[in-house]
Amino acid sequence: MIREDIERLLGEIDALKCKTQKEVEEARVKFLGKKGEVTRLFEEFRTVAPELKREFGKTLNELKQTAAAKIEELKNAVGDEAAASAPKQDLSMPGDPMPLGSRHPVSIVRQEIVDIFRKFGYDVSEGPEIEDDYHVFEALNFPQNHPARDMQDTFFVSAGHLNPLLLRTHTSSVQVRTMEKMPLPIRVICPGRVFRNEAISARAHCIFHQVEGLYVDENVTFADLKQAILLFAREMFGAETEIRMRPSYFPFTEPSAEVDVSCNICHGKGCNICKGTGWLEILGCGMVDPNVLEASGIDSRKYSGFAFGMGLERIAMLKWRVNDLRHYFENDMRFLSEFSTSTEV
Ligand code: DAH
């Protein structure tokens, strides 16, 4: 009886397999625990005939040792396996960086300008980037043979008929669309992307951004224009900022002017940013030409208006002293991450 049990247990112990430490412990209890099978055999051993005791005692001891050795072996093996299958983690490694994006400088400047004019009561109006000749040129009083219509400047989408499609060369086209559809009085700014067939360099690009402004009402005067630009310049460049207006020419405004702001770097003393003049050019403006009002169905004897237009890249260049226009379009992270979004929401 005992011999058969010993044989069976030896077989079982030999075949023992465990995957976890818990299973090893269960096996130990099963064979070697206080009520375990091997322990039980030792109790049975007391009833064995004295002449057999010697032989059985020896095999029983061997069984106990075999069981203990096997349990020990399993304990170690399972320990190793668990360690081997555990993910190899080095908790001292630095975490994976998750860099936050930031607003593009042109987008930051656009938002600032929109916010300033919103405070002055202006709405935002947008128009299509693919425009027709009528809204970009004709309705803005460009004579048929004006050089800006030339293939040199304009990207045409379709040509060969009276009103070809083209990529707008300025956001003044949105003025026209706004005057066509909005009830008077009109007070809007129109930010947007514009396109010109220019060779790309540090100072020119074929894609850039403008903000157009338009105010049409009864009795709008040049003094109103000057005041609006002065208030804008002071909000944008600081309360000390001065402006000056130089006579200029645009087909869609009469009279027209170019506006300079006092250099906010040298405060008028002259530096390399303002090229020693103390002034920085920021926009073009003027009183909306009566022809332009009439083209959009506005009675120019009753209404008058002013308009202005500025380049966003240029304003951003002045603000952050960027010296090459191409930086804005190359998406180099080293450049883009220079612009804090702390003022953004
Ligand atoms: N459209 C002009 C340009 O692209 C900018 C401009 C000048 C807009 C004078 C205006 C203006 O509204 O009055 O260069």
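**Ground rules.** I number residues from 1 along each chain as its sequence is written, and I leave hydrogens and water out of side-chain values, which use heavy atoms. Because this is a predicted model, I note that local features need pLDDT of at least 70 and that side-chain atom pairs count only at pLDDT 80 or more, whereas totals for chains, interfaces and linings use all residues.

**Domains.** I looked up the domain assignment, whose bounds come from an automatic or database source, and found domain 1 (2–85) and domain 2 (105–339). Taken over C-alpha atoms, the centres of domain 1 and domain 2 are separated by 92 Å.

**Helix α5.** I take helices (H or I, at least four residues) and strands (E, at least two) as DSSP runs numbered from the N terminus. Helix α5 covers residues 105–119; its 15 residues reach 21 Å from the first C-alpha to the last, close to the 21 Å expected at 1.5 Å a residue, where the expected span is 1.5 Å times one less than the number of residues. I list P105, V106, I108, V109, I113, V114, I116 and F117 as its buried residues, with buried meaning under 20% relative accessible area, exposed over 50% and partly exposed in between (1.4 Å probe, protein chains only). Just after α5, I find G121 with a positive phi of about 95°.

**α5 against α10.** How do the axes of α5 and α10 cross? I find that the axis of α5 comes within 9 Å of that of α10 (residues 312–320), and that they cross at roughly 100°; axes here are lines fitted to C-alpha atoms, for helices over the stretch in contact, and angles run from 0 to 180 degrees between N-to-C directions. The two helices are therefore roughly perpendicular to each other, given that 65 to 115 degrees counts as roughly perpendicular, under 35 as roughly parallel, over 145 as roughly antiparallel and the rest as oblique. On the α5 side I list P105, V106, I108, V109, R110, E112 and I113, which meet L312, E313, I315, A316, K319 and W320 in α10; contact means heavy atoms within 4.5 Å. The residues of this contact divide into 9 nonpolar, no polar and 4 charged, with Ala, Val, Leu, Ile, Met, Phe, Trp, Tyr, Cys and Pro counted as nonpolar, Asp, Glu, Lys and Arg as charged, and the others, Gly among them, as polar.

**Helix α8.** I looked next at α8 (residues 222–237), whose 16 residues reach 22 Å from first C-alpha to last, close to the 22 Å expected at 1.5 Å a residue. Its buried residues are L225, A228, I229, L230, F232, A233, M236 and F237, and what covers them includes α5, α10 and the strands β6 (243–250), β7 (253–262), β8 (279–288) and β9 (304–311). D224 also lies in α8, but I find it partly exposed at 31% relative accessibility. Not counting residues up to four places away in sequence, D224 touches N219 and F306; the C-alpha atoms of D224 and F306 are 8.2 Å apart, although 82 residues separate them along the chain. Just after α8, G238 takes a positive phi of about 120°.

**Single residues.** D14 in helix α1 (residues 2–15) is exposed, with a relative accessible area of 60%.

**Backbone angles.** I keep in mind that most residues other than glycine have a negative phi, and most peptide bonds are trans. The bond from L184 to P185 is cis, with omega near -5°, and P185 sits in the loop between α7 (172–181) and β4 (186–195). Another cis bond joins E254 and P255, with omega about -5°, and P255 is found in strand β7. R321, which is not a glycine, has a positive phi of about 55°; R321 lies in the loop between α10 and α11 (327–330) and is exposed at 53% relative accessibility. N331, also not a glycine, has a positive phi of about 55° and is found in the loop between α11 and α12 (333–336).
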